[in-house]
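My notes follow the order in which I checked them.

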Amino acid sequence: MSKRTWTVSPESYSFLGYFTFHFCHTSAVPLVFNLAVLSSLGKYIYKVKGHRSFVSLLAMGCAGASLAVATDIGHNRNQVQAGGLGASAAMLAYAGFATPQYFALFRYMPLTYMGAALAYGVYFDDKAVVGGLAAGYAAFMLAL
């Protein structure tokens with residue numbers, strides 16, 4: 001199997017890539033960021049909200065990111081997605097609205113981090129981050 005099977009790009013020939021790009025990192029930076037978010041923010045959400053909310057949030061984040069990437073891939077021939085930051089973005093957005101007390105440990109308000117993630121997604125054309133943020137907000141609105 002090649003890189004085209006596990007990532008999403010215009011040359012991808014597998015629908016499976018929309019599921020696997022969340023877990024198959026091709027760079028160390030997204031891997032480290034995802035691990036940091038899962039081990040800190042993910043652990044906090046798991047403890048405060050429980051395992052059902054945590055798993056539902058991860059699933060919604062991955063689904064939102066996949067939907068945003070699938071919508072964009074036909075129009076943007078430069079789009080390549082791997083190491084999906086969508087689930088991490090969903091956790092960031094959800095925690096920013098549902099448990100803002102977590103961010104009391106840090107210097108800035110939760111909207112600062114969500115704004116930075118949105119700016120990253122727009123500037124670097126990372127639709128997975130934009131879709132993940134939307135999914136995290138939707139999870140908060142659905143009271144997961």
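**Helix packing**

I looked up helix α4 (residues 51–73) against helix α5 (residues 86–98): they pack at an angle of about 120 degrees, and their axes are 8 Å apart. The model I am reading is a predicted one. Angles of 65 to 115 degrees would count as roughly perpendicular and those over 145 as roughly antiparallel, and α4 and α5 are therefore oblique to each other. I noted the crossing of α4 past α5 as right-handed.

Next I listed the contact residues. From α4 I have Phe54, Leu57, Leu58, Gly61, Cys62 and Ala65, which meet Gly86, Ala87, Ala90, Met91 and Tyr94 of α5. Sorted by class, this contact of α4 with α5 holds nine nonpolar and two polar residues, and no charged ones.

**Aromatic pairs**

How many aromatic pairs does the count come to? I get 10 aromatic pairs, with ring centres within 6.5 Å as the rule. I looked up the pair of Tyr46 and Phe54, which is edge-to-face, at 5.9 Å centre to centre and 90 degrees between the planes. Tyr46 is partly exposed at a relative accessible area of 45%, whereas Phe54, at 14%, counts as buried. Phe54 is also among the α4 residues that meet α5.

Tyr120 is partly exposed, with a relative accessible area of 35%, and Phe124 counts as exposed at 54%.

Last, I traced a cluster in which ring pairs link Tyr44, Tyr102, Phe103, Tyr108 and Tyr113.

How values were computed
Residues numbered from 1 in each chain as written. Predicted model: local features only at pLDDT ≥ 70, side-chain atom pairs only at ≥ 80, totals over all residues. Heavy atoms only, no water. Axes fitted to C-alpha atoms, helices over the stretch in contact; angles between N-to-C directions. Helix = DSSP H or I, 4+ residues; strand = E, 2+ residues; numbered from the N terminus. Parallel < 35°, antiparallel > 145°, perpendicular 65-115°, else oblique. Left-handed = near helix turned anticlockwise from the far one by under 90°. Contact = heavy atoms within 4.5 Å. Nonpolar A, V, L, I, M, F, W, Y, C, P; charged D, E, K, R; others polar. Phe/Tyr/Trp six-rings, centres within 6.5 Å; stacked < 30°, edge-to-face > 60°. Buried < 20%, exposed > 50% of the residue type's maximum accessible area, 1.4 Å probe, protein only.
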